[in-house]
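Here is a report on a two-chain model. Have the sequence and the structure open while reading.

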Amino acid sequence: MSTTTTPESRSRGKAPAGERVADWADGRLGIYSLAKANMRKIFPDHPSFMLGEICLYSFLIIILTGVYLTLFFHPSMNEVEYHGSYVPMQGQLMSEAYKSTLDISFDVRGGLLIRQIHHWAALVFLAGMFIHMMRVFFTGAFRKPREINWLFGFLLFVLGMFTGFTGYSLPDDLLSGTGIRFMEGAILSVPIVGTYISFFLFGGEFPGDDFVARFFSIHVLLLPGIMLGLVVAHLILVFYHKHTQFAGPGKTNKNVVGMPLLPVYMAKAGGFFFLVFGVLAAVAAIATINPIWAIGPYRPDMVSTGAQPDWYMGFSEGLIRVMPGWEINFWGHTLVLGVFIPLLIFPLVLVAIAVYPFIESWVTGDKREHHILDRPRNVPTRTAFGVAWITLYFVLLVGGGNDLWATHFHLSINAITWFVRIAFFVAPVLAFIVTKRICLGLQRRDKDKVLHGRESGIIKRLPHGEFIEVHEPLSQEQLHTLTAHEQYQPAEIGPAVDENGVRRKVSATEKLRAKLSKGYYGDDGQIPKPTVEEYKEITSGHGHH
Amino acid sequence: MSSHDIPEENLPDAQDTPHGTVKLADERNPFADPGLPPHEHRIQDIDERAAKRSERTVALLFTLSMLATVGFIASYVTIPVDKSVYIFPLGHIGALNFALGMTLGVALFAIGAGAVHWARTLMSDQELTDERHPVEASPETKAQVMDDFRQGAKESALGRRKLIRNTMFGALALFPLSGVVLLRDLGPLPGTKLRHTLWSKGKLLVNMNTNEPMRPSDIIVGSLTFAKPEGLEEHDHEFQTQIAKAALMLVRIKPDDIKDKRQLEWSHEGIVAYSKICTHVGCPISLYEQQTHHALCPCHQSTFDLSDGARVIFGPAGHALPQLRIGVNDEGYLEALGDFDEPVGPAFWERG
């Protein structure tokens with residue numbers, strides 16, 4: 001014990017060790033203020049809120065397993081002869097990248113497991129982001145103040161696609177090399193600069209000796225670095241905005257109802273990380289992914305049938321497969337529209353969903369914060385747009401796998417290609433119309449439920465012989481939940497003449513906005529929700545309506 | 001039957017109304033928010049025996065995880081890396097990968113399951129409420145910030161001293177150019193590299209499989225043969241880059257079946273040589289239908305009619321496959337009579 005006699009230091013000496021460490025840290029980092037705001041932070045509960053967690057955890061798992069893989073992987077395209085333990089490849093010429101991937105798979109104990117966890121986690125990461133994004137979209141969680149976080153998430157999805165693509169290209173196997181060749185062909189189609197970009201990217205002609213090393217630094221450093229930053233920013237904003245919640249008793253736009261971070265969410269979310277990791281490890285134990293030893297090393301003059309990218313690249317594959325081979329030759333130049341148009345549509349498909357929140361907020365003109373989630377049925381136009389987008393995405397996925405559809409379902413590949421060409425334009429429109437009708441139908445059902453109660457399934461026979469179905473009234477909790485959503489009124493174009501009687505110029509954008517607003521919130525866009533008067537009139541017992 | 005005989009509530013008109021009485025917290029507004037429902041106790045909250053059971057379950061899961069980790073280490077040490085094992089229904093699989101993956105999976109999953117079970121059964125499930133505060137700052141804060149900013153801007157004199165401002169913008173705009181310039185040496189300029197392949201007059205066609213020159217009699221009707229130019233060996237440093245352009249496919253078609261006049265001229269006894277690299281995005285074409293003479297690219301299904309100048313009959317390719325003019329030399333071996341007369345592979349801006 002020291003000889004200091006100030007009362008303060010004596011009391012500190014008695015404090016438990018953990019508290020003393022926390023005091024030390026607080027004096028330097030200010031952790032108590034941080035903990036005061038966050039330790040008992042409330043998170044609402046809903047199964048769909050776990051989707052984002054799955055993405056976060058698989059991202060962490062990818063980083064952990066990826067770092068391990070870099071310890072054994074040689075990002076080099078030097079040609080070597082294989083003399084490792086995988087007998088069928090003995091004496092084959094291959095790049096060092098491919099050879100080291102074989103070594104990871106056959107000679108490093110647990111190497112194959114980590115490789116497969118890495119790849120499975122990447123697939124789950126991308127699928128998780130896709131579904132998480134759809135959850136956010138269909139519940140309107142992207143509305144103010146969360147538009148920027150929506151964009152962060154969107155960027156993560158796009159960067160994740162390219163990180164995945166550069167990742168599965170690294171082993172330099174026959175399949176991934178074919179994907180790189182496809183990418184090179186797509187780059188060559190870019191007018192004016194395409195050839196130059198290709199030569200700079202590959203250090204000369206395809207395939208050259210450089211791309212594995214270059215993709216390696218893009219895959220392990222550049223893209224994951226940006227993504228890590230975006231993930232952190234994404235989480236900070238989730239904390240800062242506080243999580244959204246569905247409407248329900250006691251849940252308002254001004255509060256957040258749920259369980260505290262410490263201990264419930266610490267345990268649940270922390271535990272969920274282990275659940276995700278555990279499932280991925282078990283999947284990697286029983287399900288082979290990307291068996292590069294069965295595919296063989298890359299040779300530009302060889303290919304196998306059924307060549308497919310990983311699923312998240314499939315829609316771009318669909319674009320390139322179904323596009324007619326248009327080429328325009330003029331003045332000694334070639335405009336390769338058959339490849340360049342798909343290359344342009346590829347980002348447009350993604351951007352369409354990314355900019356949607358801004359279009360919707362422009363149509364509604366709503367500047368308020370929204371923390372209560374929408375039920376998809378209550379915003380039919382948005383829901384219909386989302387379903388149309390997903391439909392387009394899946395039509396293109398069918399196009400990307402047209403050979404597999406043909407062989408698995410014994411269909412003509414030409415017929416499938418033509419189906420996709422037509423469905424690319426028609427299917428989203430049909431999906432839009434059908435979804436909107438379904439949403440309106442569900443809104444009518446909700447209205448019915450509120451006004452007339454729940455169908456109990458009990459059939460009663462009246463004394464005079466008539467059969468009726470008994471409806472059970474809803475509780476106030478249910479009534480509130482079903483009527484909590486707001487309904488916008490369509491925006492009107494202001495008067496055509498100003499107060500002086502002079503004709504005002506109505507701009508085209510203003511007209512467009514009014515038209516869109518009518519589509520969203522006009523008679524065909526939503527069913528007016530039941531009013532208190534309607535409810536009272538029906539339940540008052542006189543019920544003549 | 002008249003309506004006097006039955007109670008009014010049973011009349012059809014009244015049937016639409018919900019039966020029974022609704023308990024409303026707010027009689028004036030039945031849709032009003034009734035507030036958080038009362039907390040319902042779980043069995044663990046009221047029965048200590050159930051709570052003990054939950055505790056044991058959680059502890060069991062954590063113990064299982066410890067055992068699985070021990071199993072992981074034991075598997076790593078004892079199972080040889082090349083041992084394979086039969087496991088129903090997976091078939092013969094690598095024993096080590098399976099053992100490590102399953103033990104690791106159980107070790108992790110059990111920790112997760114334990115933590116979640118703990119949270120769900122033993123930690124408080126009382127719902128709590130946090131207030132939200134608007135993100136936007138108050139007008140006072142905003143005014144203060146704007147004042148501070150104006151003050152700072154004024155003190156910097158950025159608006160007044162235009163010379164400083166303009167030269168600074170110039171400097172900041174120019175310096176990133178250094179970074180762009182540095183990228184120049186990523187690769188050589190394209191030049192005419194995409195227009196030329198290793199083929200030239202007199203180069204023998206070497207069979208890709210046997211590595212031997214070929215005589216016309218080696219190519220039979222209905223077969224698809226792949227060839228490379230003589231002198232190009234797999235061990236060559238440039239092999240990959242050269243074969244990416246020079247890969248050739250040979251088929252023999254009855255001369256009468258060849259519809260294209262130039263194609264017939266450039267062939268030898270019905271043997272035609274086309275670039276194997278698809279003109280779409282460069283996949284090697286490797287499927288051949290001998291009855292129809294169609295060649296199909298397995299990547300994107302572009303289909304070429306090899307009996308009609310290899311024109312595109314289906315799929316996304318934009319132009320026909322380039323043909324290599326071939327003949328036989330004095331010793332009777334197939335040889336090229338020059339390079340392709342157009343660039344092989346995918347189209348590009350300078351192709352023309």
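## A contact residue in chain B

B:Phe31 sits in the loop that links helix H1 (12–15) to helix H2 (43–46) of chain B. Helices (H or I, at least four residues) and strands (E, at least two) are DSSP runs, numbered from the N terminus. B:Phe31 counts as buried because it has 20 C-beta neighbours inside 10 Å. The cut-offs are: buried at 20 or more other C-beta atoms within 10 Å of a residue's own, exposed at 12 or fewer, partly exposed in between, with C-beta atoms placed from the backbone.

Which residues does B:Phe31 touch? Leaving out residues up to four places away in sequence, they are A:Leu479, A:His480, A:Thr483 and A:Val532. Contact here means that the C-beta atoms of two residues, placed from the backbone, lie within 7 Å.

## Model and numbering

The model is predicted: local features need pLDDT of at least 70, side-chain atom pairs count only at pLDDT 80 or more, and totals for chains, interfaces and linings use all residues. Residues are numbered from 1 along each chain as its sequence is written, while chains are lettered from A and ligands numbered from 1 in the order in which they are written.

## Chain B

Chain B has nine helices and 14 strands. Its radius of gyration is 40 Å, well over the 20 Å that the globule rule gives for 352 residues, so chain B is more spread out than a compact globule. That radius is taken over C-alpha atoms, and the rule is 2.2 Å times the number of residues to the power 0.38.

The C-alpha trace of chain B spans about 105 × 80 × 80 Å along its principal axes. Buried residues make up 33% of the 352 in chain B. Of the chain B contacts between residues at least 6 apart in sequence, 54% join residues at least 24 apart.

## Chain A

Chain A contains 20 helices and 10 strands. Its C-alpha atoms fill a box of roughly 90 × 90 × 70 Å along the principal axes. Of its 545 residues, 43% count as buried. Among chain A contacts with a separation of 6 or more, 72% are between residues 24 or more positions apart.

## The interface

Strand E5 (residues 255–260) of chain A runs antiparallel to E3(B), joined by four bridges. Pairing requires at least two DSSP bridges between two strands. A:Val257 stands opposite B:Thr129 in E3(B).

## Nonpolar cores

The largest nonpolar core has 100 residues. Such a core is a set of buried Ala, Val, Leu, Ile, Met, Phe, Trp, Tyr and Cys residues joined through C-beta atoms within 7 Å. A:Ala388, B:Leu205, B:Leu248, B:Leu250 and B:Leu306 have the most contacts inside this core. Helix H15 (residues 380–400) of chain A gives the largest share, nine residues.

A second, separate core of 80 residues includes A:Val136, A:Leu280, B:Phe72 and B:Ala115.
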